[in-house]
Amino acid sequence: MSLDPGARRAILDAVDALREESVETLQRLVRCPSTLGNEAPALEEMARLYASLGLAPRRIPTDPAALAAHPGFSPPLIGYEGRDNVVAVHAPRGARKGRSLVLQGHVDVVPEGAAEMWTTPPFAPAIRDGRMYGRGAGDMKAGLVSACMAFKALRLAGLQPAAEVQMHAVVEEECTGNGALACMLALPKADAVIIPEPGPGVDGLYTAEVGVVWAWVTVSGRPAHVRDMQAGINAIEAATFIAARFKDYEAEMNRAERIHPAFRGVNHPVNVNLGTIEGGEWNSSVPTRARIGLRVGVMMGYTAAQARADIERLVADASRDERLRGARVKLEFKGFMADPCLFDTEAEIVRLARRSYAEATGGTLRDYPATGLTDGRHFVLHQGTPVACFGPDAQDIHGIDENVGLESMHGITRTIALTLAEWCGVERSEA
Ligand SMILES: [Zn+2]
């Protein structure tokens with residue numbers, strides 16, 4: 001489906017006219033501290049945004065009981081009450097002419113970390129040198145805004161997509177992916193999906209992503225006063241001992257012969273992160289309990305289930321060690337149980353996105369084999385829908401002073417607008 005040059009120009013002009021509004025909308029979203037369990041205000045904001053596009057937002061609950069048997073399901077960390085995903089569906093006026101599309105993004109953000117280390121507060125968006133700083137600015141509120149503004153630009157140009165367009169704003173991309181799964185299953189399968197996740201310091205297109213398994217190890221030791229320290233089992237030391245075993249595992253999984261060609265040239269693609277530790281009661285008491293939380297990467301060609309079995313074996317082996325005698329070790333899997341995923345970079349939606357990007361920005365989207373994951377895997381692995389996952393130049397996502405390039409975000413909005421118009425076709429807008 002080819003879009004005439006007049007329409008292309010009108011759409012790009014409309015995106016340019018929406019530039020200020022895009023920045024203000026992103027600021028509003030970043031002000032919502034939408035960490036796990038606290039997504040409601042950001043979801044409200046997305047519902048208002050969808051409504052402002054002339055769409056009728058509706059809520060899609062994440063129901064663990066209904067999803068539990070699905071291979072894409074991950075065991076949740078908390079309940080889902082009061083944090084239903086938001087979707088909105090555009091239906092074309094006439095008979096459908098083009099191909100349908102999902103524009104998907106997540107509202108959840110990871111914790112801000114040490115807030116005092118930020119140059120400006122993490123949930124008070126600040127603009128410096130053409131970049132917006134704030135937790136979630138890059139990952140991935142800029143992408144959510146870009147998708148909405150792309151849709152709005154068509155309307156401003158007097159047009160609308162001539163095929164169904166689904167907008168999904170979901171929770172828990174950062175820990176389970178269950179929000180995305182719930183929305184995918186609740187709505188009809190589309191012809192393609194766009195997910196504007198951020199690029200790694202450049203505008204990037206995801207070519208592959210690793211899988212991830214979250215594991216939790218709780219060690220119960222034997223309490224004692226420090227004067228009888230030998231009589232006790234130090235739960236913190238025991239947990240640290242087990243964590244060290246994961247480092248050996250990580251080295252093994254990064255051996256060259258295990259690395260899939262999609263990740264060739266990526267330094268250390270399989271990462272094991274000791275992310276959380278809690279434990280102990282008193283400086284002068286041998287600690288009775290410690291809990292560590294680990295994130296284990298899964299290389300392409302391997303599955304989350306295999307990694308899970310490895311972890312079970314590794315923890316069982318470590319527990320049998322002489323130094324842990326008498327300690328109780330409990331292993332749990334909560335959070336990601338996610339397989340790795342290869343994106344079809346020859347898919348028509350991806351080729352179109354690349355062409356649109358070149359036209360919209362004059363540049364080239366950089367291929368990005370990601371050592372983290374996105375919600376894109378659900379559509380690829382469990383629905384067979386091609387995904388174009390690409391987005392703006394973001395830095396320090398999950399770190400201190402996360403930021404996104406506003407010029408880059410603007411280019412991504414222009415890219416999505418052209419891609420949307422060409423993929424779906426356009427008709428005269430009724431709004
Ligand atoms: Zn993300």
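Domain 1 (5-209 + 341-428) and domain 2 (211-338) both contribute residues to the lining of the largest pocket, so this pocket lies between them. The model is predicted. The volume of the largest pocket is about 1,000 Å³. The protein holds 11 helices and 23 strands, and its radius of gyration of 23 Å is close to the 22 Å that the globule rule gives for 431 residues, so the protein is as compact as a globular protein of that length.

**The largest pocket**

- With a volume of about 1,000 Å³, the largest pocket is lined by 39 residues, of which Val110, Glu174, Trp214, Phe336 and His398 are the closest to its centre.
- Two or more lining residues come from each of the elements β9 (199-200), β11 (211-220), β13 (272-279), β15 (289-298), β19 (366-370) and β21 (393-395).
- Among the contributing elements, β11 gives the most to the lining of the largest pocket, namely 4 residues.
- By residue class, the lining of the largest pocket consists of 20 nonpolar, 12 polar and 7 charged residues.

**Domain arrangement**

- The protein is divided into two parts: domain 1, made up of 5-209 + 341-428, and domain 2, which covers 211-338.
- The centres of domain 1 and domain 2, taken over C-alpha atoms, are separated by 33 Å.

**Overall dimensions and packing**

- Taken along the principal axes, the box filled by the C-alpha atoms of the protein is roughly 80 × 40 × 40 Å.
- Of the 431 residues in the protein, 56% are buried.
- When contacts between residues at least 6 apart in sequence are considered, 84% of them join residues at least 24 apart.

**Helix α5**

- Gly158 follows α5 and has a positive phi, near 80 degrees.

Methods. Residues numbered from 1 in each chain as written. Predicted model: local features only at pLDDT ≥ 70, side-chain atom pairs only at ≥ 80, totals over all residues. Heavy atoms only, no water. 1 Å grid on protein atoms, 1.4 Å probe; cavity = no way out; pocket = protein on both sides within 12 Å on 5 of 7 lines; lining within 4 Å. Points joined across faces, edges and corners; volume = space filled by probe spheres on them. Nonpolar A, V, L, I, M, F, W, Y, C, P; charged D, E, K, R; others polar. Domains from an automatic or database assignment. Rg over C-alpha atoms; globule rule 2.2 N^0.38 Å. Buried < 20%, exposed > 50% of the residue type's maximum accessible area, 1.4 Å probe, protein only. Contact = heavy atoms within 4.5 Å.
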